Amino acid sequence: MSLSSALSTAQSIFNNSGTQSAVVSKNIANAQNPDYVRRSAVVVTGGNGAMIGDIVRSQNAPLLRQTIESSSVASGQRTLLDGLEEIKNLMGGNSNELSPAKLITAFRNNLDAFASTANDTGLGISVISSAQDLATGLNTAADKLQQIRKDADDQIKQDVDNLNSLLSKLESVNNQVKNAAASGADANDALDEREALVKQISEIVGVTSYIRENNDLVLYTSDGVTLFETVPRKVTFQPTAAFDASTNGNGVYIDGVALKAGEAANTSAKGSIQALLQLRDTVAPTFQSQLDEIARGLITAFAETGPTGALAPMTGLFAYKDSSGVQQTAIPASGAVVPGLASRIFVNPVVVPPAGTPDKLRDGGINGAAYVVNTGGSSYGDLLDKYNENLEAPMTFDPLTEIADAPDLLSFASDSMGWLEQLRSTATAADESKTAMLTRTLDAYSSNTGVSLDEELSLLLDIEQSYKAGTKLMATVDEMMQALLDIAS
């Protein structure tokens, strides 16, 4: 080997070691960064020996696609489950102590006691008090349920804003990647940033990606709508100022195409927006319809029909107001939801002490003398027994409630909580499964593309040995050059 060749080899060793050290150092510095993909300095054979040909990322496109998909479905399921947990908390959590079923049971126990001792005014007051608790419970649950819908609507607005912001950033980063690909510059950092943005986008809306010439990225939604192609497509949403039972929220549109809401407890939602649409437009309204039907059932069960049952039915113990706040006396039609009835039901003031008296519940006459049933004295509880029986009398419910096959009001109230618990239980199991899948996918992706400190430190030792070899070669060349100089002198 000539001295010039030896010098060239040493120089190549130092250049390669420097580049490799820089790459390894960057890997180590980003070992805890989940959005960083490991780099490797590829050594190739050149005219002057070994040289660094390129710095490449440890990409794994199939695992990346699976990570994005898993992230999307896990986000949708978690969003739905959080909403179901919030609805369950309205009912008093695991004990369901604030549920209509529990409140009706407490009310009925007091009604039984009053019917057996109909001359006990104290028991009558207890019945009215528990009836007020029941009506207030329905009011509160219905109002808070609409607040949950409003919160979901607000979150949709925030997610849409975030999505548009991420898409705008994606355009800038994607342009960096394309420019680097066209010019032969290093695009690795921009690629890391682009993948991180796609992961964040996938948590909001399900996406699939396609890489075109010059490493250009195209994004589609899970339904095939173009979300990003050279420039981001416009995502629009008009929030709703306030919600009641008859309010329909607005849709989310991507490039003018409506985004579908998720379906079922094991939701089809991919990303948070579809799950929020499902919660706002399907789950909460269905439960609201159940509350409204319970309210209608109570109004019907305690309606006054007179001594022979021939008079026009009118509201008795439980009354309600229309949407404008005017008290109504007519009984709502059978088998059809009256939207928002649960928020407008109340106990008739005629039976509420001190201005009213529970005796009118026992005797009838809430709507006047013509409706008085009990004229036999304060010890008669026949009318109270009739009301009690009405709670288990056959009743027809609206199919919109999804539990319309319940035979009577008590069964319907119990089935309502069963419906909610079944939905929540299924959603919980699905969340556990999808979260586990996401965890396994992230682990697999990290194992293939992430940084292992053990491997990087081992590589540093190899680089150190290579550097030492270069220094020894330089030292040998130096000695030989000095010997030649000595001879020449």
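At what angle do the axes of helix α2 and helix α10 cross, and within what distance do they come? I will start there, keeping in mind that what we are looking at is a predicted model.

In general, two packed helices are described by the angle between their axes and the distance between the axes. Here, the axes of α2, which covers residues 61–90, and α10, which covers residues 409–449, come within 8 Å and cross at roughly 150°. Because angles over 145 degrees count as roughly antiparallel, that makes α2 roughly antiparallel to α10. The crossing in which α2 passes α10 is left-handed, and the residues of the contact between α2 and α10 divide into 16 nonpolar, eight polar and seven charged.

At 1.5 Å a residue, the 17 residues of α5 should span 24 Å, and the C-alpha atoms at its ends are 25 Å apart, which agrees.

Finally, the strands. There is an open sheet of three strands, in the order β7-β8-β9, and the pairing is antiparallel. The edge strands are β7, at 235–237, and β9, at 257–258, each of which pairs on one side only. If you follow β7 to strand β8, residues 252–254, you will find that three bridges join the two, and that they run antiparallel. Within this part of the sheet, Phe-237 stands opposite Val-252 in β8.

Note on methods: Residues are numbered from 1 along each chain as its sequence is written. This is a predicted model: local features need pLDDT of at least 70, side-chain atom pairs count only at pLDDT 80 or more; totals for chains, interfaces and linings use all residues. Side-chain values use heavy atoms; hydrogens and water are left out. Axes are lines fitted to C-alpha atoms, for helices over the stretch in contact, and angles run from 0 to 180 degrees between N-to-C directions. Helices (H or I, at least four residues) and strands (E, at least two) are DSSP runs, numbered from the N terminus. Angles under 35 degrees count as roughly parallel, over 145 as roughly antiparallel, 65 to 115 as roughly perpendicular and the rest as oblique. A crossing is left-handed if the near helix is turned anticlockwise from the far one by less than a right angle, and right-handed if clockwise. Ala, Val, Leu, Ile, Met, Phe, Trp, Tyr, Cys and Pro count as nonpolar, Asp, Glu, Lys and Arg as charged, and the others, Gly among them, as polar. The expected span of a helix is 1.5 Å times one less than its number of residues. Two strands pair if DSSP finds at least two bridges between them.
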